[in-house]
Amino acid sequence: ESKKARTPEKIKQEETIATPSSLEKKKSGYRSFMSREGPKALGSKEIPQGAENCFEGLTFVVTGVLDSIERDHAQDLIQRYGGKVTGSVSKKTSYLLVGRDAGASKLSKAQTLGTKQLDEDAFLDLIRNTPGKKSKHEQPDTPSKQPKKAKPSKQQSPTASSQDQAGNSQQTASQSSTSSPLTQTPTGSPISLVYSACVLYTLLNKVAPNIYSLSKNLQYLYLMWVDKYKPSGIKQIIGQQGDKSNMRKLLNWVRNWHKNRTKTLPKSSFFNKDTDGASLKAALLSGPPGVGKTTTATLVCQELGYSYVEMNASDARSKKTLEQVVSESLSNKSMDAFVGSNLAAKSGLKHVLLMDEVDGMAGSEDRGGMQELISLIKTSKIPIICMCNDRNSQKIRSLANYCFDLRFSRPRVEQIKGAMMSIAYKEGIKIPPPAMDQIIQGANQDIRQVLHNMSMWTATNKTLTYDQAKQEASNAQKDIKLGPFDAIRKLLSGSDSSKLSLKDKSDLFFCDYSLMPLFVQENYLMVSPSQASGDLKKTLDLVSRTADSICDGDLVSRQIRSNSSWSLLPMQAMLSAVIPSYFISGGMGQRIDFPQWLGKNSKQGRLDRILQELQAHMRISTSADKSSINLEYIPHLRQALTTPLTDQDPPDLKERVASVISLLDAYNLTREDWDSVMEAGLFDGHRDPMDSIPSKTKSAFTRTYNKEQHKTPYAQKAAPTKSRGKGGGGGGESEFPDEDGADPGPDEDEDDLEVSAMMVKNKKATAATGKGKTSKDDTGKGKGKGKGRGKKS
């Protein structure tokens, strides 16, 4: 009674709970943000030319829609002149650039913090009137300390040092050739050849050191920037300098690896995670390419004095290779251990195995390598460091359970910027700091790619402007493979689609030209078009135009696949992706639905095969085609085959089951055809009659049907049986009469069945007695190979 009394109160309380007002404001603000229009007077105002780095040290936040420039263009102007753009207002925000339909939360927070607000005209005046500044990342024009001539400094340019040394060598050669007494030999002397040889020997002794150093500097000069400026210590690794950085964790893990092996540590689990990896014998460094995983691993080994063996994707890492090469190297000492007097200190335990790109262990060359690597980790006596790019790969999931997981993230732009500006200064290249931001962002914060791009772009011209850097960065931007889910979001989302050109939208279609039309057709109705601005009539008109374009694309697709006219694919891209994106792009939710057409088409094909089989089985009893059987016969058959079985009265259950079986025999249908009739006649929204049949009744129907023999005018598909006879004939009945023309009588059939059954029983009995004799004979043989083999069999 108490529970019944509480239930209405709980229902009233749940009914009175309403959505909070703050959440309603967020929902309405998000809807207005997704459905708002762009600038009303785009390009109507002239953009002023500001001084260099005039926004250096200033932080901006942009909210709303400006009148004459796009929001992205405004952010680009801020970054062009050295400013910083953030997404939220804070104490460090210098200006809030306000447009139409501005965010209420940003405005209120700016008023609370006293942040200065600017409209579009004030922003353009700020560009025009703010004086230029000197960037903090720029290096001085001349070095503060001149390097000594005798010993070139490390900061000195390799070119200058090589030229100085070349000049010194020439000066030494000239001095030696004029002032040396050996050169003042009498001409025409019979021993002039001896004097010449002595002079040449003396010159070579004086010039050889300079030539050697010159060749080394020339070799350093023509190195790739990635090799020339690679870190030489752990303090030079970009983005890995904190106490909680992955480099510091890896350093402590390798340092304490042998100490932890002598301790009894609890195993890591989901509820008891090992934060320092003390209980694990291997480490897994994962992250995008170019963030310093391999560099961190090698420098940590050098810092601790460990020698390492590296195996990457260029090496064969199959199970056999790992067993022969790696297992032997893990148990042996390195050559460094045998050099020097202190042999005990340099033991074979000071090794590390580096397995780079373990997510690329695939194919026949690396077959079984992952499982062998896991077994090596379990029995290893030295640290093993594995590196991969794709942490979510199926191969890495099994390996990660045995490794200390260290996930590397991309360094921030500010962290990369300082090191790249220093390298540009050493190379004598002038790159503005805003241009360097564009180079770093274009390479997706890949340090290796940034160095390659800078080296290539400045090979002919040592000056790179902001516009040139932005253009080169956009051209050299890494190609990211997009799937259909990401591509359809870029096409239908208003914020993403407005930034794409016609060619970019067409390229998104070709990420998967067979699935993209289906994705557009499945998701275009869930978008609220930006062009409609909330007007229902405009929305319906845009939806109608989009549907017409999708239909035209389907006609072109049929022409392509029926006549192999693959040259029409660009036309299909325009009709199925580009034009619908133009009409319907706008606000869309977070969910992208997979095309349901694929599942429905597969179901339609299966049902068509079922109807074809039913029509073939019922051909003698009926004279209808597939459609007639589906529309006229199956609805009545479903009712006639299920109604007797739905009654739960047990006395006449046998009679009702017999009536259903007799109906199946009348139409030459089998037990499997009964299930097919139930499936083919079921439509969406209709109740399945199978649910009303008790499970006991279904079991009784199946047992009764299987006990009886049912003659059919067609051959039933039977499972293939293996025959030991040469003829290969099975034990089934023949569909044709004997050669004499007479069918075998029922008594002969029964006799044959009894004889065959007795033969099977006799074979089983013989086999059993044979096994029994073997076991008796083996009992007195002791422990030998024969007994072991018998157990295995």
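Me: Which helices do the buried residues of α26 pack against?
Reply: Bear in mind that this is a predicted model: local features need pLDDT of at least 70, side-chain atom pairs count only at pLDDT 80 or more, and totals for chains, interfaces and linings use all residues. Residues are numbered from 1 along each chain as its sequence is written, and side-chain values use heavy atoms, with hydrogens and water left out. Buried means under 20% relative accessible area, against over 50% for exposed and partly exposed in between (1.4 Å probe, protein chains only), while contact means heavy atoms within 4.5 Å. On that basis, the buried residues of α26 pack against α25 (597–617), α27 (653–666), α28 (671–680) and α29 (695–707).

Me: What span does α26 reach from its first C-alpha to its last?
Reply: Helix α26 covers residues 626–646, 21 residues in total.

Me: Where in α26 does the kink lie?
Reply: A bend is the angle between axes fitted to the seven residues ending at a residue and the seven starting there. In α26 the kink is about 45 degrees, shortly before the proline Pro635. The residue is Tyr633.

Me: Are α25 and α28 roughly parallel or oblique to each other?
Reply: Axes are lines fitted to C-alpha atoms, for helices over the stretch in contact, with angles from 0 to 180 degrees between N-to-C directions; here they are 10 Å apart at about 130 degrees. Under 35 degrees counts as roughly parallel, over 145 as roughly antiparallel, 65 to 115 as roughly perpendicular, and the rest as oblique. In the contact, residues including Leu607 and Leu614 of α25 meet residues including Val677 and Ala680 of α28. The two helices are therefore oblique.

Me: Is the crossing of α15 and α17 left-handed or right-handed?
Reply: The axes of α15 (residues 413–426) and α17 (residues 447–457) come within 12 Å and cross at roughly 30 degrees, so the helices are roughly parallel. Ile416, Met420, Ile423 and Ala424 of α15 make the contact with Ile447, Val450, Leu451 and Met454 of α17. A crossing is left-handed if the near helix is turned anticlockwise from the far one by less than a right angle, and right-handed if clockwise. This one is right-handed.

Me: What is the relative accessible area of Asn668?
Reply: Asn668 sits in the loop between α27 and α28. Leaving out residues up to four places away in sequence, it touches His617, Ile620, Ser621, Asp673, Pro713 and Tyr714. Asn668 counts as buried, with a relative accessible area of 13%.

Me: What is the phi of Asn53, roughly?
Reply: Asn53 lies in the loop between α2 (21–35) and β1 (59–63), and it counts as buried at 2% relative accessibility. Although Asn53 is not a glycine, its phi is positive, at about 55 degrees.

Conventions
Helix = DSSP H or I, 4+ residues; strand = E, 2+ residues; numbered from the N terminus. Expected span 1.5 Å × (residues − 1).
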